[in-house]
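Here is a short report on one structure. Look at the sequence and the 3D view first, then read on.

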Amino acid sequence: MASGKTLTIGIMDAPYESANSTTALRIINAALERGHNVNVFAYEGAVNLTMKAQQPHANPVKGTSVEQEQHPTTKDWVASLFNLASARGVKLDWVNCGLCVDERGAGDWIDGPRRGGPKDFLDASVASDATLVIPTK
Amino acid sequence: MAKYLLIESRDPFDSSDSEYFCELVEGISNRGNEVILFLVQNAVFPLRSGSKHNDLIDWLLKNKVKVLADNFSLKERAIKRPLDGVEVVDMGRIVDLLLEPGTKAIWH
């Protein structure tokens, strides 16, 4: 059941670089599970989290196949968060910073995220019940 | 009295400013504020019994800081039983704390 509360999270780390990405996704997941709306502002390298062309890979060192390796991709995790929001009847508003996207040529996303800018983050924070910024190290 | 949720993600063995962050936590607490310190990712390493940074956590607990530790981070690092006085929580609890009115959240 929707709580009517909204949490805004700012994230900056690129995928596969820091445990911050995993923790951020876990916080978003927990908030959606509790029926809260979540705004995400993905800044700098974090705009790569939702790239559609991400592919799992085999592990030639261990000799395992793609199927055996079950390598996770952040775009699949984010897609599952959108599905969770839909199932819970709450809103996940994921904004990728447009300037960061353009710098990185990172504009081909899964369904769900939208393009925006720092003003979106400010507006979301003002309208939210809480805001958490997870900066890079 | 303000409410603070301070989130430490760094290991003091890896990042010397982790100790400065703990000094900030203690300072906020000793000014009469309600302070919760949430340890996540490599910041849970000082909770392993025998770590030279056990004293840092004990010092915070003695200074009325409530110390929480992420269950997932503990499991990943094979820390089965953290120091006495530390509460093991899941991420849902952190979301609840974030959304408590008036709470100021700071990530380090």
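## Burial in chain A

In this predicted model, 39% of the 137 residues of chain A count as buried.

## Helices and strands

Chain A contains 5 helices and 5 strands. Follow the chain along its sequence and the order is β-α-β-α-α-β-α-β-α-β.

What box do the C-alpha atoms of chain A fill? Taken along the principal axes, the box is roughly 50 × 35 × 25 Å.

## Contacts along the chain

Now take the contacts in chain A with a separation of 6 or more. Of these, 71% are between residues 24 or more positions apart.

## Where chain A touches chain B

How many residues does each chain bring to the contact? Chain A gives 18 residues, and chain B gives 13 residues. On the side of chain A that touches chain B, two elements supply at least two residues each: α1 (19–33) and β5 (130–134). The largest share comes from α1(A), with 8 residues.

What kinds of residue make up this side of chain A? The side that touches chain B has 10 nonpolar residues, 3 polar residues and 5 charged residues.

Key:
Residues numbered from 1 in each chain as written. Chains lettered and ligands numbered in written order. Predicted model: local features only at pLDDT ≥ 70, side-chain atom pairs only at ≥ 80, totals over all residues. Helix = DSSP H or I, 4+ residues; strand = E, 2+ residues; numbered from the N terminus. Buried ≥ 20, exposed ≤ 12 C-beta atoms within 10 Å, placed from the backbone. Contact = placed C-beta atoms within 7 Å. Nonpolar A, V, L, I, M, F, W, Y, C, P; charged D, E, K, R; others polar.
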